[in-house]
Amino acid sequence: MRRSLRSNTGSITIFAHSAFVASFEPRDVGHALSDDHWVNAMHEELENFERNKVWTLVELPPGCNPIATKWVFKNKQGEDGVVVRNKARLVAQGFCQKEGIDFEETFTPVARLESIRILLAFAASKGFKLFQMDVKSAFLNGFIEEEVYVKQPPGFENPKFPKHVFKLQKALYGFKQAPRAWYDRLKQFLLGKGFVMGSVDETLFLLRHGTDFLIAQIYVDDIIFGGSSNAHVSSFSEQMSGEFEMSLMGELKFFIGPQIKQTTEGTFVHQSKYTKDMLKKFDFGGELKPQKTPMGTSEGLDRDENGEKVTIAEEDVLTMHSSRGRLRNHGVYHGDDE
């Protein structure tokens with residue numbers, strides 16, 4: 001299946017359903033427009049705008065200053081580090097916004113890493129698996145109340161109305177109020193489905209069906225969910241897919257950096273991919289051998305002859321020994337006795 005996309009560089013024929021992706025990240029719009037895969041990614045982003053009815057092309061009202069837009073290009077990698085998707089995102093230059101004119105309230109809650117760890121531990125203790133879903137272009141679902149105009153996307157200006165601008169009905173990435181607008185939209189949807197929002201953590205939502213329960217944890221556009229009933233988990237997936245466009249769904253394996261492996265014996269959290277990326281970045285590919293600890297536990301430290309002398313009061317020494325004794329009695333302290 002083919003489709004034709006018109007940009008200011010001419011007509012480019014691209015594939016609507018391509019199994020291939022580009023391995024590079026473009027330097028700028030011109031570089032991206034030279035590759036069919038990145039053109040396809042940009043066209044996909046603009047199609048999301050059309051489907052979500054994000055904006056309307058209008059003449060610029062007198063006295064209004066439109067906010068510029070720019071393209072951000074990013075390759076999404078799988079757990080093995082292989083590029084699985086070319087993501088082109090059109091973002092607004094939100095630093096040009098003026099408070100009281102272009103935006104009002106901007107705060108939105110974000111899940112803490114501690115909350116994610118607690119949810120992982122809870123799921124492991126209860127014996128159910130967690131799944132994840134990624135809302136595609138999530139910020140395009142959030143309605144804005146302010147009257148905001150943005151310039152046409154670079155490289156995709158309308159040839160008939162090159163000086164027109166877009167009037168926004170929904171938020172764009174880069175806008176200061178975009179995260180809040182999206183969170184409000186998602187919160188109202190979940191509450192309407194019977195979920196109860198956490199009193200301490202406002203990114204945690206709980207749904208009960210008798211003795212069964214379903215938990216959803218929100219981190220901007222990434223959602224972790226799971227529960228005691230497979231039927232309720234499947235129903236939640238269908239409801240979310242019916243309301244929002246989803247791009248990733250499946251068992252939780254990779255979330256906000258850490259990799260997660262769920263087994264019948266427990267849940268293992270690690271960062272092997274991040275470690276490999278760091279070794280590759282600093283050219284330590286196959287030269288180093290793995291070790292259990294960053295440094296040898298039996299190595300002694302040399303005296304710092306040029307260091308500043310430190311005087312420790314007698315009462316401080318007594319306090320230190322007393323603390324060590326208490327920790328040792330509780331099985332926490334494992335240091336030397338000296």
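Strand 7 and strand 8 (residues 165-168) pair in the antiparallel sense over two bridges. Two strands count as paired if DSSP finds at least two bridges between them. Strands themselves are DSSP runs of E with at least two residues, and helices are runs of H or I with at least four; both are numbered from the N terminus. In strand 8, Lys167 is the bridge partner of Tyr149.

This is a predicted model: local features need pLDDT of at least 70, side-chain atom pairs count only at pLDDT 80 or more, and totals for chains, interfaces and linings use all residues. Residues are numbered from 1 along each chain as its sequence is written, and side-chain values use heavy atoms, with hydrogens and water left out.

Which strands make up the open sheet? Three do, in the order 3-8-7, with antiparallel pairing. Strand 3 (55-58) and strand 7 (149-150) stand at the edges. Each has a single partner strand, so one side of each has no neighbour in the sheet.

## An enclosed strand

Strand 6 covers residues 131-135. Four of its five residues are buried, so the rest of the structure largely encloses this strand. Buried means under 20% relative accessible area, exposed means over 50%, and partly exposed lies in between (1.4 Å probe, protein chains only).

Strand 6 also has a partner. It pairs with strand 12 (residues 222-227) in the antiparallel sense, over four bridges. Asp134 stands opposite Asp222 in strand 12. Strands of a sheet pair through backbone hydrogen bonds.

## Helix 2

Helix 2 has 16 residues, 36-51. From first C-alpha to last it reaches 22 Å, close to the 22 Å expected at 1.5 Å a residue. The expected span is 1.5 Å times one less than the number of residues.

What happens at the start of helix 2? A side-chain oxygen of Asp35 comes to within 2.9 Å of the backbone nitrogen of His37. After the helix comes Lys53, with a positive phi near 50°. The buried residues of helix 2 include Trp38, Met42, Leu46 and Phe49.

## Salt bridges

A salt bridge is a side-chain nitrogen of Lys or Arg within 4 Å of a carboxyl oxygen of Asp or Glu. By this rule there are nine salt bridges. Side chains of opposite charge can pair when their charged atoms come close.

Glu44 and Arg85 form one, at 3.6 Å from N to O. This pair links distant parts of the chain: Glu44 is in helix 2, Arg85 in strand 5 (residues 83-92), 41 residues apart. Is Arg85 buried or exposed? Arg85 counts as buried, at 18% relative accessibility. Glu44 is partly exposed, at 25%.

Arg180 and Asp184 form another, at 4.0 Å from N to O. They sit four residues apart in helix 4 (residues 178-192), so about one helical turn separates them. Both Arg180, at 26%, and Asp184, at 28%, are partly exposed.

Glu243 and Arg185 meet at 2.8 Å, N to O. Glu243 lies in helix 5 (residues 230-243) and Arg185 in helix 4, so the pair ties together parts 58 residues apart in sequence. Glu243 is partly exposed, at 35% relative accessibility.

Conventions. Polar contact = N/O pair within 3.5 Å; in protein donor to acceptor, adjacent residues only side chain to side chain.
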